[in-house]
Amino acid sequence: MPPFGFLHMRVWASLFGQLLRSPRAVCIREVHFHSQFAEAVLTSQLKPQQEKSNFIIKTPKGTRDISPQQMVVREKILDMVVGCFKRHGAKRLDTPAFELKEMLTEKYGEDSGLIYDLKDQGGELLSLRYDLTVPFARYLAMNKVKKMKRYHVGKVWRRESPTIVQGRYREFCQCDFDIAGQFDPMIPDAECLKIMCEILSGLQLGDFIIKISWKDVRHEMVAKKGLAPEVADRIGDYVQCHGGVSLIEQMFQDPRLSQNKQALDGLGDLKLLFEYLTLFGIAEKISFDLSLARGLDYYTGVIYEAVLLQTPAQAQESFNVGSVAAGGRYDKLVGMFDPKGHKVPCVGLSIGVERIFSIVEQRMKTFGQKIRTTETQVFVATPQKNFLHERLKLIAELWDAGIKAELLYKNNPKLLTQLHYCEDMGIPLVVIIGEQEMKEGIIKLRSVASREEVAIKRENLVAEIQKRLSES
């Protein structure tokens, strides 16, 4: 089919031909009108668009592109986090990026207003997932799963005012670990806190503390009406205190608190938790803090939050990013999805990857650390012309052996250009093939750092490279 503009040209040419051949008299002005109209149509179809609409090329508010350099840092953080989750026996789970709107409503309390709703495209009201916890609870209820230890890495969306300098975005990645099932008290909770300590220690972000509280005790004894004034006043005194086992023991000895059954049960569980944390060797990293309060409504028991302890130098360099990990127990959430209200107790944690990434990135900039954006181990080079075929055969041999290799996409690249590329990209080894090497049946192997070259028999090249890579 001819282009749209030329199709119109043919139609109008045919029309004018008929007018000229018609025996009937045609008004000259009418012909002139049609001629002008035809010209206008052709001009609009054939004239290139000269004006572009004025707009700024940018990412949506609260989002960002992640460059190759940033992705290297990000992947290292994620690999470390996921490696810890796997070490503790978790299975990976994924859920849709959006859920039925009714699945997310009334699960987040005041934060429900931050959920992104989608337009009705197919008879269903949908919303982007706000976190990974509610979809996990929905999965457990829908599939009637009673026990599961899972981890999930995925993006979530929150319609809040982003603060980029603090690592807060409207679209961001979450890394969650959760234990679902009925188990003896405080054992899963202690493991979650152990995992949090392992990750934060492994990332070497500096000293940190994990604050824990007991949401139901705080709510029932401080917020709810009908509580004896003297007990509420006494709790108010302890809210200002922080500590570990010694603080819990002190509260046990308080007669006004020990007479409240719910407080007594909560304190008993916290004491048991600290016993397990001591066995795990992390009790000194945990602080009991009754003033701690998480915003989400689905928490029902122990809640915790990890914060970095800044040095004076860090405080001056704007390292304040809030909590870097958080979590808690949510024993009733699964039951909200089950038609019969069957409950599956759950406890879990979420690692603040975006905030951690902003800290690591800022520190790397401060110390001027360079980042390799590729993992290329070997570069295939030549000092002479017309050796593309030999380079292609050689690099295929390296790829087939599982070696990460590159070459320049040019027939006759200059050797100096190839060597400079290796230095710029941090590639450790170069294999060089030319006329002399072809005659002698060898390949030159060059260390980019030391610039030393050795001759290797062609048939021994792969083994020699693998040996060197294993030793580095």
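I looked up helix α18 (residues 461-471) and noted Leu461, Val462 and Ile465 as its buried residues. Viewed down the axis of α18, these buried residues fall within an arc of 95°, so I recorded that they line one face of the helix. On the other side of α18 I found Ser470 and Glu471 exposed. I then checked what the buried residues of α18 pack against: the partners are the helix α15 (388-400) and the strands β13 (378-381), β15 (429-432), β16 (442-447) and β17 (453-457). I note here that the model is a predicted one.

Next I turned to Arg451, in the loop between β16 and β17. Arg451 is not a glycine, yet I read a positive phi of about 65° for it. With a relative accessibility of 53%, Arg451 counts as exposed. I looked up Glu106 as well, which lies in the loop between α4 (101-104) and β3 (117-118). Phi of Glu106 is near 65°, again a positive value in a residue other than glycine. I recorded Glu106 as exposed, at a relative accessible area of 70%. I flagged these angles because most residues other than glycine have a negative phi.

My next entry concerns Arg170, in the loop between β5 (148-157) and β6 (171-180).

I then searched for disulfides. How many does the whole structure hold? The search returned 0 disulfides. For Cys175, I found the closest cysteine sulfur in Cys173, at 4.4 Å, which is too far for a bond because a disulfide requires the sulfur atoms to be within 2.5 Å. Cys175 is buried, with a relative accessible area of 0%. I also looked at Cys346, which counts as buried at 0% relative accessibility.

From Cys346 I went to Leu333: the two are 13 residues apart in sequence and 8.3 Å apart in space, C-alpha to C-alpha. Leu333 lies in helix α13 (residues 333-337). Is Leu333 buried or exposed? I recorded Leu333 as buried, at 1% relative accessibility. Setting aside neighbours within four places in sequence, I listed the contacts of Leu333 as Lys107, Thr133, Val134, Ala137 and Tyr298.

Definitions and conventions:
Residues are numbered from 1 along each chain as its sequence is written. This is a predicted model: local features need pLDDT of at least 70, side-chain atom pairs count only at pLDDT 80 or more; totals for chains, interfaces and linings use all residues. Side-chain values use heavy atoms; hydrogens and water are left out. Helices (H or I, at least four residues) and strands (E, at least two) are DSSP runs, numbered from the N terminus. Buried means under 20% relative accessible area, exposed over 50%, partly exposed in between (1.4 Å probe, protein chains only). Contact means heavy atoms within 4.5 Å. The arc is that of the directions from the helix axis to the C-beta atoms.
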